[in-house]
Amino acid sequence: VYIQKGGVGKTTAVYNIGYELSKFGFKVLIVDSDAQRNLTTQINPSHSINKELAEKFKKDLADKKDKEPPVYISVDDIFRDSIYGVRGNANYIVPTPASVSDNVEPMKVHDYESLFYIPGSIKIERLSEAITLGIAGISSSTVYVSMVTDVINSVCEKNEFDIVLYDLNPSISGLNKSIIMNTDYLIMPFKADLGSLDAVVNLCS
């Protein structure tokens, strides 16, 4: 769900479309890909970049599932090691989407049986920077161009999700371009104003 215009209801659309699809029997995953994390805080206000609260959240999750906390919780967790591994070690081998997705634990949205989400992170901009370099043809970063959707698709296969919805911010970032290029459909919510119309025309051109 994307349009280069803020305040038109992208996050609200992702949440409600996901909920309605789950009511029709689809198993749905919604991914908060916006550094503002509005979708994440709408679902669970206890999510925070505060380390203490984040650790408490992971522990509560582990207690509920009677196992150790999953390695990857948010979108930043999923890709953090890959990015810093490449930057800090020239011989580092970027993990495959399948190996990364093994450690991804989608969260259930409230008590809905078929609606799950991956929380956002303010630090996802680091991934967007790497993707932008990859799109520009920088050899050390080209691996990131389709990494997000490749990993999420692998998560969907392993968890038998039918549909995945991405909540994107209103910028023309490398992350947004990557997701838009590698998804099946684009939903553009907009208002009846010139700003929204300009955004639609700009994207289509």
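**Entry 1: Arg126 and helix 6**

I began with Arg126, which lies in helix 6. This is a predicted model, so I keep that in mind throughout. Is Arg126 buried or exposed? I found a relative accessible area of 17% for Arg126, so it counts as buried, the cut-off being under 20%. Next I looked up its place relative to Asp76. In sequence, 50 residues separate Arg126 from Asp76. In space, their C-alpha atoms are 8.5 Å apart.

I then went along helix 6, which covers residues 125-135. Which of its residues are buried? I noted Arg126, Leu127, Ser128, Ala130, Ile131 and Gly134. Just past the end of helix 6, I stopped at Gly137. Its phi is positive, about 95°.

**Entry 2: Helix 6 against helix 8**

I turned to the pair formed by helix 6 and helix 8. Helix 8 covers residues 174-181. I read two values for this pair: the axes come within 7 Å, and they cross at roughly 70°. That angle makes helix 6 roughly perpendicular to helix 8, because 65 to 115 degrees is the range for that word.

Which residues make the contact? From helix 6, I listed Leu127, Ser128, Ile131, Thr132 and Ile135. From helix 8, I listed Gly174, Leu175, Lys177, Ser178 and Met181. Sorted by class, the contact has five nonpolar, four polar and one charged residues. Going back to my buried list for helix 6, I see that Leu127, Ser128 and Ile131 are on it.

**Entry 3: Salt bridges**

Side chains of opposite charge can pair when their charged atoms come close. How many salt bridges are there? I counted two salt bridges.

One joins the side chains of Glu20 and Lys23, at 4.0 Å from N to O. Both residues sit in helix 1, residues 10-23. They are three residues apart there, which means about one helical turn lies between them. I checked how open each one is. Glu20 is partly exposed, at 36% relative accessible area. Lys23 is exposed, at 53%.

The other joins the side chains of Lys108 and Glu113, at 3.6 Å from N to O. Lys108 is partly exposed, with 36% relative accessibility. Glu113 is exposed, with 60%.

**Entry 4: Thr11**

I went back to helix 1 for Thr11. Thr11 is buried, with a relative accessible area of 14%. What does Thr11 touch, leaving out residues up to four places away in sequence? I wrote down Asn38, Leu39, Gln42 and Asp167. With Asp167 there is also a polar contact between the side chains, at 2.8 Å.

Most residues other than glycine have a negative phi. I looked up two residues that depart from this.

Arg37 has a positive phi near 60°. Where is Arg37 found? I located it in the loop between strand 1 (28-32) and helix 2 (38-43). Arg37 is buried, at 11% relative accessibility.

His110 is not a glycine either, and its phi is positive, about 50°. I placed His110 in the loop between strand 2 (107-108) and strand 3 (115-118). His110 is partly exposed, at 41%.

**Entry 5: Gln36**

I stayed with the loop between strand 1 and helix 2, where Gln36 is also found. Buried or exposed, I asked of Gln36? Gln36 is exposed, with a relative accessible area of 52%.

**Entry 6: The whole protein**

I finished with totals. The protein has nine helices and four strands. From the N terminus, I read the order as α-β-α-α-α-α-β-β-α-α-β-α-α. Of its 205 residues, 43% count as buried. I also looked at contacts between residues at least 6 apart in sequence. Of these, 72% join residues at least 24 apart.

Definitions and conventions: Residues are numbered from 1 along each chain as its sequence is written. This is a predicted model: local features need pLDDT of at least 70, side-chain atom pairs count only at pLDDT 80 or more; totals for chains, interfaces and linings use all residues. Side-chain values use heavy atoms; hydrogens and water are left out. Buried means under 20% relative accessible area, exposed over 50%, partly exposed in between (1.4 Å probe, protein chains only). Axes are lines fitted to C-alpha atoms, for helices over the stretch in contact, and angles run from 0 to 180 degrees between N-to-C directions. Angles under 35 degrees count as roughly parallel, over 145 as roughly antiparallel, 65 to 115 as roughly perpendicular and the rest as oblique. Contact means heavy atoms within 4.5 Å. Ala, Val, Leu, Ile, Met, Phe, Trp, Tyr, Cys and Pro count as nonpolar, Asp, Glu, Lys and Arg as charged, and the others, Gly among them, as polar. A polar contact is a pair of N or O atoms within 3.5 Å; within protein, one must be able to donate a hydrogen and the other to accept it, and residues adjacent in sequence count only if both atoms are side-chain atoms.
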